Amino acid sequence: MISVSAPGKIILAGEHAVVYGKPALVAAVDKRLTVRIKTRKNGEIKIFSRQPSSQIKEAVRKTEENLALLRSDRLSKILKSRGLAIEVVSEIPVQAGMGSSAAVAVATVGGLLALSKKIKRFSDEDKELINKVAYQVEKKIHQNPSGIDNTISTFGGFLWFKKGKPFKRIKLGSLPRFVFVNTGKAEETTGEMVRYLKNKIENRKNTKQILRSFARIERQTKNLLLGLKDKNKRKIIKAIKECEENLEMLGVVGEFAKKLIREVERIGGGAKICGAGGIKDRSGILLCYHQKPEKIFALAKSLNLEAFEAKLGEEGVYIKA
Ligand code: PMV
């Protein structure tokens, strides 16, 4: 049996604008997902997962296709003669902005590559291939993703990411204590939220304002990075608040999340959605910062919402021993 682990992620700043070429700052988190792959005997694929099996089947198809281009037919032979049992076990909340769908794609492609190459560790070249194939899977599912989710889940750490450009690894020393509050699963998928914004731009509804918000998000993404490097708490809060203000102008934050964010601001902190968001009802995970994290925990508790701290900058995809 092969077992591969991939992390979820938190976008610290830059979501949505990143789809339009702006930079984003993203971190791998210690909420992970494991894909276990076993060969079978009857040439069929059996999937055990709470994630849609169509995505896992797409990962199998794309991995087989890419390996065939590299003249490697071991996976094809296994699929024809024996089949596979693929099981997904995940700690990453679904549709909450923590990159669960990309982590499934990355870990599944990684597992199939490990099976095909009979390897115990991924080389840099293997990771390049995993990232490329997982992006193809993400494109099929979400249509126009920036590639940030699959890239961070593959390579881990902290990345400065721009669509279609080589990413930069960021070194950050000790970080302030961020608290993540789960407002609940968004009704919309990431693909739907990205399309919603795309439609607005294509229909020329407030295009100028949207482009201005992207530019402001870019400035605050840079400011957040500077604030984190200098450990400047005021700069960090300001950057988070302004990113959120512009995400609200883009119209990707629902009323429930907005109310909670206003409350965090009222008690002296800053909070933003981190991911695609959601408007019909809930908006996924919020990134919250307050000099006294207990205040955020107390606020979440009073509303019966899950709140947690997470380790950031975790390792990317790996094969488990
Ligand atoms: O899938 P999520 O909720 O983590 O959002 C991904 C970030 C977006 O910028 C909204 C989309 C993308 O492809 O970059």
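Start with the largest nonpolar core, which has 65 residues. Select Ile10, Leu12, Leu84, Phe178, Phe180, Leu224 and Leu312, the members with the most contacts inside this core. Next, colour helix H3, residues 100-117: this helix gives the most to the core, with 10 residues. A nonpolar core here is a set of buried Ala, Val, Leu, Ile, Met, Phe, Trp, Tyr and Cys residues joined through side-chain atoms within 4.5 Å. Buried means under 20% relative accessible area, exposed over 50%, and partly exposed in between, with a 1.4 Å probe and protein chains only. Helices (H or I, at least four residues) and strands (E, at least two) are DSSP runs, numbered from the N terminus. In soluble globular proteins, nonpolar side chains tend to be buried together.

Before moving on, note that this is a predicted model: local features need pLDDT of at least 70, side-chain atom pairs count only at pLDDT 80 or more, and totals for chains, interfaces and linings use all residues. Residues are numbered from 1 along each chain as its sequence is written, and side-chain values use heavy atoms, without hydrogens and water.

**Phe180 and the second core**

Select Phe180. Leaving aside neighbours within four places in sequence, Phe180 is in contact (heavy atoms within 4.5 Å) with Ile10, Ile285, Leu286, Leu287, Glu306, Ala307, Phe308, Ala310 and Leu312. Now find a second, separate core of 26 residues; Leu247, Ala257, Ile273 and Ala276 are among them.

**The ligand**

Show the ligand and what lies around it. It is surrounded by 15 residues, a residue being near if one of its heavy atoms lies within 4 Å. The closest are Lys9, His16, Ser146, Thr190 and Ala276.

- His16: a backbone N or O atom lies 2.9 Å from a ligand oxygen.
- Ser146: a polar side-chain atom is 2.5 Å from an oxygen of the ligand.
- Thr190: a side-chain N or O atom is 2.7 Å from a ligand oxygen.

Taken alone, the ligand exposes 380 Å², and the protein buries 94% of that. These areas come from the Shrake-Rupley method with a 1.4 Å probe; for residues, only the protein chains shown count as cover.

**Ser146**

Stay on Ser146. Look in the loop between helix H4 (124-142) and helix H5 (148-155). Is Ser146 buried or exposed? Ser146 is buried, because its relative accessible area is 8%. Its side chain reaches the backbone nitrogen of Ile148 at 3.2 Å. Not counting residues up to four places away in sequence, Ser146 touches Val18, Val19, Tyr135, Phe161 and Lys163.

**Two positive phi angles**

Go to His16, in the loop between strand S1 (2-13) and strand S2 (24-39). His16 is not a glycine, yet has a positive phi of about 65°. His16 counts as buried, at 5% relative accessibility. Then select Arg71, in the loop between helix H1 (53-69) and helix H2 (74-81). Arg71 also has a positive phi, about 60°, and is not a glycine. At 79% relative accessibility, Arg71 counts as exposed.

**Cysteines**

Which disulfides are there? A search of the whole structure finds 0, a disulfide being a pair of cysteine sulfur atoms within 2.5 Å. Select Cys243: the nearest cysteine sulfur, that of Cys274, is 11 Å away. For Cys288, the closest cysteine sulfur is also in Cys274, 8.3 Å away and so too far for a bond.

**Last stop**

Finish at Leu226, in helix H7 (residues 207-230). Leu226 is partly exposed, with a relative accessible area of 42%.

Terms used. A polar contact is a pair of N or O atoms within 3.5 Å; within protein, one must be able to donate a hydrogen and the other to accept it, and residues adjacent in sequence count only if both atoms are side-chain atoms.
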